[in-house]
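The paragraphs below lead through a few parts of one structure. Please keep the model in view while reading.

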Amino acid sequence: KKGGNMAGAGSVNWLFAKKGFIVVDKKIIEEDKLLSIILEAGAEDLKTEGEKYEITTQPQDLETVKKALQDKKINFELAELTMLASSTVKITDAQVAKSILALIEAIEEQEDVQDVYANFDIPDDTLEQATSS
């Protein structure tokens with residue numbers, strides 16, 4: 001209905017990796033201090049995304065990293081197991097972006113759907129065009 005196609009079960013698993021994912025506000029702690037704490041606890045990576053730090057871990061290390069942050073009184077906004085895309089596809093056409101967003105919304109509305117993961121990257125200006133029209 002929204003321009004998508006059904007694929008076989010597990011056919012896109014290779015596009016994603018199960019990871020622990022933690023988000024910390026940048027105002028709380030300096031990057032160097034946070035990096036030292038999380039790497040010692042077993043985290044894989046730390047990225048800066050806007051006003052947030054995004055920490056990734058192996059699934060089995062998520063609780064250990066969370067505890068290390070809690071022990072240092074560092075509050076986090078989100079801590080969960082998720083599927084992160086191995087690579088992304090940049091979408092620069094506003095009509096295509098609008099179609100993709102409509103498809104994702106339709107999938108999320110299905111009562112049997114628990115989570116939706118995607119590997120698209122829509123730049124802010126394209127996203128604004130897609131959502132304003």
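Predicted model: local features only at pLDDT ≥ 70, side-chain atom pairs only at ≥ 80, totals over all residues.

A place to begin is Thr126, a residue of helix H4, which spans residues 124-132. Which residues surround it? Once the neighbours within four places in sequence are set aside, Thr126 is in contact with Ile91, Thr92, Asp93, Ala94 and Ala97.

Strand E1 covers residues 16-25 and is mostly covered itself, with eight of its 10 residues buried. E1 pairs with strand E4, residues 78-85, and the two run antiparallel, joined by eight bridges. One of the positions to look for is Gly20, whose bridge partner in E4 is Leu81. E1 also pairs with strand E3, residues 52-57, again in the antiparallel sense, here over six bridges. In that pairing, Asp25 has Lys52 of E3 as its bridge partner.

The last part concerns two helices. Two packed helices are described by the angle between their axes and by the distance between those axes. Helix H1 comprises residues 31-41 and helix H2 residues 62-71; their axes come within 8 Å and cross at roughly 140°. Because of that angle, H1 is oblique to H2. The crossing of H1 and H2 is right-handed. On the H1 side, the contact is made by Leu34, Ile37, Ile38 and Ala41, and on the H2 side by Thr64, Val65, Ala68 and Leu69. Sorted by class, the contact of H1 with H2 has seven nonpolar residues, one polar residue and no charged ones.

Note on methods: Residues numbered from 1 in each chain as written. Heavy atoms only, no water. Axes fitted to C-alpha atoms, helices over the stretch in contact; angles between N-to-C directions. Helix = DSSP H or I, 4+ residues; strand = E, 2+ residues; numbered from the N terminus. Parallel < 35°, antiparallel > 145°, perpendicular 65-115°, else oblique. Left-handed = near helix turned anticlockwise from the far one by under 90°. Contact = heavy atoms within 4.5 Å. Nonpolar A, V, L, I, M, F, W, Y, C, P; charged D, E, K, R; others polar. Buried < 20%, exposed > 50% of the residue type's maximum accessible area, 1.4 Å probe, protein only. Pairing = 2+ DSSP bridges.
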